[in-house]
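I opened a notebook page for a structure that is new to me. The entries below record what I looked up.

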Amino acid sequence: MPISEQTQSVIAYFDTYSGFTLRKKNDLAEILDIAATSGGAENFNTTVFTGKIVWNLYSQLRKITSSDVAYANIEQEFANTINTLRGYVLLFANLSVDAAVKQRLQEVYLDVNQGTMRNLVDFAHDLARFKDMQSDAQRRSTQI
């Protein structure tokens, strides 16, 4: 599925803005494009928010040890939230009119194995950065 010029522009701006190496830039572009063409802006924003939560929980888990009191709670919340993110990826995969995109999203994010978990975390990283960009833009617009 070719990505629209508008989505390419958003991703190019985001790539420049973020200052980070985006890990799943093409997948983010595909899902953003699917959201734009299917009227899924609200679902996309919820996906971005969920990705931010996944990335924050993942970052916390990396900083503590399994013997820490909070570890089990954070790990459980991480598992629940990653499943929510997986549900949003499934939603966008099902909304895709391109069978190849749908199949690829399912293979990359929806199979249950260690590789798909890493892919989801990488995707959450990009979504978290996208959320940061949204928040910064919102703060700047209220300061004017």
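The model is predicted, so I kept its limits in view: local features need pLDDT of at least 70, side-chain atom pairs count only at pLDDT 80 or more, and totals for chains, interfaces and linings use all residues. Residues are numbered from 1 along each chain as its sequence is written, and side-chain values use heavy atoms, with hydrogens and water left out.

Entry 1, the fold. I counted six helices and zero strands in the protein chain. I then looked up the radius of gyration, taken over C-alpha atoms, and the globule rule, which is 2.2 Å times the number of residues to the power 0.38. The protein chain has a radius of 16 Å, close to the 15 Å that the rule gives for 144 residues, so it is as compact as a globular protein of that length. I noted that its C-alpha trace spans about 50 × 45 × 25 Å along the principal axes.

I call a residue buried under 20% relative accessible area, exposed over 50% and partly exposed in between (1.4 Å probe, protein chains only). Of the 144 residues in the protein chain, 40% are buried.

I took a salt bridge as a side-chain nitrogen of Lys or Arg within 4 Å of a carboxyl oxygen of Asp or Glu. How many salt bridges does this rule give? The count comes to six.

Arg 23 sits in the loop between helix 1 (5–18) and helix 2 (25–38), and Asp 122 in helix 6 (residues 114–143), so the pair ties together parts 99 residues apart in sequence. Arg 23 is partly exposed at 40%, and Asp 122 is partly exposed at 23%.

Asp 27 is buried at 5%, whereas Arg 104 is partly exposed at 28%.

Arg 139 is partly exposed at 46%, as is Asp 136 at 23%. I also noted that salt bridges with shared partners join Asp 27, Glu 30 and Arg 104 into one network.

Technical notes. Helices (H or I, at least four residues) and strands (E, at least two) are DSSP runs, numbered from the N terminus.
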